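Please read the following briefing alongside the sequence and the coordinates. The points are grouped by topic.

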Amino acid sequence: MKFYQNKKVHYVAILLIFIVVLLLFVPFRTALVFYKENTNHIEAFLPIDEKDTFQIIFKHSIHLTDVVEKYQVLDNHGIKQYEIVYEHFGIGMPSNAQEGETFVYEDGKYHVKDLDNIFPYMNVRNGKTVSENRLVWGVDNEHMVYFNKYFKPGAWFKIKVENLSTWQFLKGVRIHE
């Protein structure tokens, strides 16, 4: 009888270890992940859900005005750029809309709407000379952080939407206000 009880305890211990390993190492929580350059090293992450939106705002290095790029997280973890907003035409700024897009002037800014640019990931550089890049998120875009809080000026990284494990969440740098 004692042998049977010891065997039962071993099975329960193995089952508990298996459950802990699953909870710690199986990816299940969606996040916008910032990888250092072309590595697997996570610099920072922002918990996010499918269909959520976020913005990357950068200061145009010549005009010194904000350029707002708006994105949505897709169900397949792709990143869809759906709008860009800026104040001045010039280097790097579109002067019109492409087929299927809408070009409007509202509130003193140019908007290219209805974009359908889908990316599996994006390579982004934090500004070096004019380092005022920002990440905005939330239902009403109520949260904002400067990239400099998490990244060095001039640093570049790959942004992807991925599922992270509890272990990655615990050891990573979570972006927050």
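Which residues are linked in a network of salt bridges? The network links Lys59, Asp66, Glu132 and Arg134, a salt bridge being a side-chain nitrogen of Lys or Arg within 4 Å of a carboxyl oxygen of Asp or Glu. This is a predicted model, in which local features need pLDDT of at least 70 and side-chain atom pairs count only at pLDDT 80 or more, while totals for chains, interfaces and linings use all residues. Residues are numbered from 1 along each chain as its sequence is written, and side-chain values use heavy atoms, with hydrogens and water left out.

**Salt bridges**

- By this rule the count comes to 9 salt bridges.
- Arg134 counts as buried at 8% relative accessibility, whereas Asp66, at 23%, is partly exposed (buried means under 20% relative accessible area, exposed over 50%, and partly exposed in between, with a 1.4 Å probe and protein chains only).
- Arg29 forms a salt bridge with Asp49, with the closest N and O atoms 3.3 Å apart; because Arg29 lies in strand β1 and Asp49 in the loop between β2 and β3, the pair ties together parts that are 20 residues apart in sequence.

**Nonpolar core**

- The largest nonpolar core has 22 residues, and among those with the most contacts inside it are Leu32, Phe34, Leu135 and Ile175 (such a core is a set of buried Ala, Val, Leu, Ile, Met, Phe, Trp, Tyr and Cys residues joined through side-chain atoms within 4.5 Å).
- The largest share of this core, 3 residues, comes from β11.
- Not counting residues up to four places away in sequence, Ile175 touches Phe34, Leu135, Trp137 and Tyr150, among others, where contact means heavy atoms within 4.5 Å.

**Strand β9 and its partners**

- Both faces of β9 are covered, with Arg134 and Val136 buried on one side and Leu135 and Trp137 buried on the other.
- β9 pairs with β3 in the antiparallel sense over 4 bridges (two strands pair if DSSP finds at least two bridges between them), and Trp137 is the bridge partner of Phe54.
- β9 is also joined to the antiparallel strand β10 (residues 143-146) by 4 bridges, with Val136 opposite Met144.

**Open sheet**

- An open sheet of 4 strands has the order β2-β1-β11-β8, with antiparallel pairing.
- β2 and β8 stand at the edges with a single partner strand each, so one side of each is left without a neighbour in the sheet.

Key:
Helix = DSSP H or I, 4+ residues; strand = E, 2+ residues; numbered from the N terminus.
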